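Please consult the sequence and the coordinates alongside the text.

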Amino acid sequence: MHSELVYTRKGSGEPLVLIHGIGHRRQAWDPVFEQLATKYDVIAVDLAGFGESPAYPAGIKYDMHGACDNLAANFAAWGIDRPHVVGNSLGGAIALELGARNLARSVTALSPAGFFGIVNKLQTFVLLIMLRVSSLLPAGALRFTSNRAWGRRLAGGSLYTRPQRFTPEQVYGDALALKNCTGFERTIVSGIRYAFHQRLAVPTTIAWGTRDLILPYSSSAIAQERLPEAQHVALPHCGHVPMIDDPELIVRVIDQTVAAATDSAARVA
């Protein structure tokens with residue numbers, strides 16, 4: 001039994017699945033979704049217990065095993081097999097795990113979780129808990145804050161370098177998604193112990209915002225040490241959720257990873 005995930009799908013071509021981070025929602029990919037849909041069959045998904053997707057059925061843990069099994073079941077329901085996967089933060093870690101399980105054709109991980117230093121881990125979880133607590137304000141207070149430029153900067157300052165690009169409705173929607181998500185605490189508890197130590201045989205790119213405050217850019221050095229076979233890319237002037245900061249760069253990074261997978265498949269054939 002699996003949890004049916006809510007998603008937005010558009011375009012045609014090779015399947016490309018977009019996976020958001022903890023407390024976020026599929027609309028995180030809006031800055032790049034339409035452009036990607038001109039080239040791929042794009043599916044932006046709400047993870048179980050986040051966005052509009054229901055929580056996992058009883059007995060399924062909020063860990064990588066449960067997330068990968070649930071996504072694989074949804075892939076089958078959507079009629080796709082081994083899609084290209086792109087993930088951010090928690091979604092980046094899930095994308096890497098899917099690649100390690102041979103459930104993806106290629107992996108693009110943007111500031112993925114799972115490469116914590118001791119100090120960085122503490123910083124990350126403190127900031128995430130602060131974001132969660134701030135979202136628990138009454139809806140009226142969230143609306144008031146979202147309608148003001150200073151409020152939008154405050155709400156997005158730890159996630160983006162350009163939070164001013166968001167509209168009041170986008171900021172309010174993100175705040176409500178964080179407020180109402182049911183999977184946050186259980187994911188955090190699992191994430192405290194999580195580290196990525198797998199090997200990947202599919203084309204993989206790990207891209208990191210140089211101004212990431214949630215998972216600092218220094219974490220990229222740990223990723224390079226553990227995954228020397230991956231392509232490692234710096235995202236200049238980008239924060240933790242880089243799609244809003246430089247959408248054109250993110251699309252190029254995804255395109256390059258997908259192209260590498262296409263070239264690899266052609267050589268094997």
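A residue is called buried under 20% relative accessible area, exposed over 50% and partly exposed in between (1.4 Å probe, protein chains only). By this criterion Asp-46 is buried, because its relative accessible area is 0%. The model is predicted: local features need pLDDT of at least 70, side-chain atom pairs count only at pLDDT 80 or more, and totals for chains, interfaces and linings use all residues. Residues are numbered from 1 along each chain as its sequence is written, and side-chain values use heavy atoms, with hydrogens and water left out.

Asp-46 belongs to the loop between strand E3 (41-45) and helix H2 (64-78); helices (H or I, at least four residues) and strands (E, at least two) are DSSP runs, numbered from the N terminus. A polar atom of the Asp-46 side chain lies 2.9 Å from the backbone nitrogen of Glu-52. Beyond four places in sequence, the contacts of Asp-46 (heavy atoms within 4.5 Å) include His-20, Arg-25 and Arg-26.

Leu-235, in strand E7 (residues 231-235), is also buried, since its relative accessibility is 0%. With residues up to four places away in sequence not counted, Leu-235 touches Trp-208, Leu-249 and Ile-250, among others. Between Leu-235 and Pro-163, 72 residues apart in sequence, the C-alpha to C-alpha separation is 17 Å.

Phe-144 counts as partly exposed because its relative accessibility is 42%.

How values were computed
A polar contact is a pair of N or O atoms within 3.5 Å; within protein, one must be able to donate a hydrogen and the other to accept it, and residues adjacent in sequence count only if both atoms are side-chain atoms.
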